[in-house]
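This briefing goes through one structure by topic, starting with the ligand and its surroundings and then turning to charged pairs and the backbone. Please keep the sequence and the 3D view at hand while reading.

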Amino acid sequence: MRVSANPFAFEFELARTALVIIDMQRDFIEPGGFGETLGNDVSRLSSIVPACVRVLAAWRRAGGKVLHTREAHRADLSDCPPAKRQRGQPTLRIGDVGPMGRILVAGEPGNQIIPALAPSPGEWVIDKPGKGMFYATGLHERLQGAGISHLVFMGVTAEVCVQTSMREANDRGYDGLLLEDCTESYFPEFKTATLDMIRAQGAIVGWTAPSADLLAAIGAQ
Ligand code: C5J
């Protein structure tokens, strides 16, 4: 399959490609979670949900592999470095109790993926203690075991967990495509910069494309 992408076409075999949905969890998308405790307007992020839903439905219909990530720490915070917890001036820190339970703690209501993008049985859900999806998750070995060589990315935030995960993937030899209208940032200029950085210098980190071009490639439009 061939997606019309930037800076040039992204080619992939469906059987060797996973759709990766980064951290579309209530803690980032809904009021009362980690994103808002950092002082952000979370409505910017929820604007991508309809486009993500369309892609997820089409990818599932095509029979493609799906994996979801969540930024999630153990209840005892043993996997949360003190430096990460102490950083900045949030109103609530990681592990504190907020309106949706303990911030960024696995199993809490705020840590769940939003209902519109809820994982289906058989889809992988990767809890990651870092910003990147490969750090301390064993994901590379699982993807290798499944014969995956290409990754299509959606999710939030563009410049933090999405970009970190794409860079980690690139260093491990995966070809990655970021869907432009399926990622967002609390800061519009950071999204623009992320897209530019990824596809610069001949796809130095990966490719970007509007989701309509992926849907056309998989025959969903
Ligand atoms: C952040 C993320 N921004 N999922 N996490 O802390 O991008």
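Predicted model: local features only at pLDDT ≥ 70, side-chain atom pairs only at ≥ 80, totals over all residues.

A polar contact, as the term is used here, is a pair of N or O atoms within 3.5 Å.

**Ligand and its shell**

- The residues that surround the ligand are D23, F28, E71, K131, V156, T157, V160 and C161.
- By residue class, this shell is made up of four nonpolar residues, one polar residue and three charged residues.
- The space that the ligand takes up is the largest pocket.

- At V156, a polar backbone atom is 3.2 Å from a nitrogen atom of the ligand.
- At T157, a backbone N or O atom is found 2.9 Å from an oxygen atom of the ligand.
- On its own the ligand has 230 Å² of accessible area, and the protein covers 92% of that area.

**Salt bridges**

- In general terms, side chains of opposite charge can pair when their charged atoms come close.
- Searching the whole structure gives 12 salt bridges, and one of them is formed by the side chains of E184 and R44, with an N to O distance of 3.0 Å.

**Backbone geometry**

- The peptide bond from V156 to T157 is cis, with omega near -15 degrees, and V156 and T157 are also both among the residues that surround the ligand.
- T157 itself is placed in the loop between β8 (150-156) and α7 (158-171).
- A cis peptide bond also joins N6 and P7, where omega is about 5 degrees, and P7 is located in the loop between β1 (2-3) and β2 (10-11).
- A136, although it is not a glycine, has a positive phi of about 60 degrees, and A136 sits in the loop between β7 (124-128) and α6 (139-145).

Note on methods
Residues numbered from 1 in each chain as written. Heavy atoms only, no water. Near = heavy atom within 4 Å. Polar contact = N/O pair within 3.5 Å; in protein donor to acceptor, adjacent residues only side chain to side chain. Areas by Shrake-Rupley, 256 points an atom, 1.4 Å probe, with all protein chains shown as cover. 1 Å grid on protein atoms, 1.4 Å probe; cavity = no way out; pocket = protein on both sides within 12 Å on 5 of 7 lines; lining within 4 Å. Sits in = over half its atoms within 2 Å of the grid points. Nonpolar A, V, L, I, M, F, W, Y, C, P; charged D, E, K, R; others polar. Salt bridge = Lys/Arg side-chain N within 4 Å of Asp/Glu carboxyl O. Helix = DSSP H or I, 4+ residues; strand = E, 2+ residues; numbered from the N terminus.
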